[in-house]
Amino acid sequence: MSNLSKEEILASSKGWVASLLNFFPGLGSGYIYQRRWVSYFLTIGVITTWLVIGFILQGGEEPSQTQQIIGISGLFLISIFTLIEANLAYKKAVKKIVSEKNKLEPSKKKGWFK
C-alpha cells in the first residue's frame, strides 16, 4: 500500500464540505477535514488573538453594542477568509493531480493510422 501525497489527500476531500465547515463553525474545522493541520492551528491562533485583543481593549467593562459588532464582524471575516482559502487549496490540488495524471498517461492517437 502506498502513502498518499498531501495533494492526493486534499483532492480526495470535497471542497464544498471543507468550505462549509470553515464558514459555519468559523473555527477552521474544514482544515481538520482536509487534514491541513498547520492551517488549522494558524486559524485557531488568529481567532484566539482576536478574542484576547477584544478582552484587553474591553478593560473589564461590559462591551458596548459597537464593540460586540466589531468582534463578531472580525470572526465573520476570518471565517470568510478560511472558506475561500480552503476552496482555492482544494481546486489547486485537484488541478495538480489532474496534470500529473495527464503527464503519466501516454497520449493515445486516434485515427486511421496509428
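Axes here are lines fitted to C-alpha atoms, for helices over the stretch in contact, and the angles between N-to-C directions run from 0 to 180 degrees. Helices are DSSP runs (H or I, at least four residues) numbered from the N terminus. The model is a predicted one, in which local features need pLDDT of at least 70 and side-chain atom pairs count only at pLDDT 80 or more, while totals for chains, interfaces and linings use all residues. Residues are numbered from 1 along each chain as its sequence is written, and side-chain values use heavy atoms, with hydrogens and water left out.

**Helix packing on α5**

The axes of helix α2 (residues 15-23) and helix α5 (residues 65-104) come within 8 Å and cross at roughly 165°, and these two helices are therefore roughly antiparallel (an angle over 145 degrees). The crossing of α2 past α5 is right-handed, a term used if the near helix is turned clockwise from the far one by less than a right angle. In contact terms (heavy atoms within 4.5 Å), Gly15, Ala18, Ser19, Asn22 and Phe23 of α2 meet a set of α5 residues including Phe76, Leu83, Ala86 and Tyr90. The residues of this contact divide into 7 nonpolar, 6 polar and no charged, where Ala, Val, Leu, Ile, Met, Phe, Trp, Tyr, Cys and Pro count as nonpolar, Asp, Glu, Lys and Arg as charged, and the others, Gly among them, as polar.

Helix α4 (residues 37-58) also packs on α5, with axes that come within 10 Å and cross at roughly 170°, and α4 and α5 are therefore roughly antiparallel to each other. From α4, Thr43, Val46, Ile47, Trp50 and Leu51 meet α5 residues, among them Ile70, Gly74, Ile78 and Thr82. The residues of the contact between α4 and α5 comprise 7 nonpolar, 4 polar and no charged.

**Individual residues**

Accessibility is classed as buried under 20% relative accessible area, exposed over 50% and partly exposed in between (1.4 Å probe, protein chains only).

| Residue | Relative accessibility | Class |
|---|---|---|
| Ser13 | 6% | buried |
| Lys96 | 37% | partly exposed |
| Leu88 | 54% | exposed |

Ser13 is found in the loop between α1 (6-12) and α2, and a polar atom of its side chain lies 2.6 Å from the backbone oxygen of Leu10. Leaving aside residues up to four places away in sequence, Ser13 touches Tyr33, Gln34 and Tyr90.

Lys96 belongs to helix α5 and, although 89 residues from Glu7 in sequence, is 7.5 Å from Glu7 in space, C-alpha to C-alpha.

Methods: Parallel < 35°, antiparallel > 145°, perpendicular 65-115°, else oblique. Polar contact = N/O pair within 3.5 Å; in protein donor to acceptor, adjacent residues only side chain to side chain.
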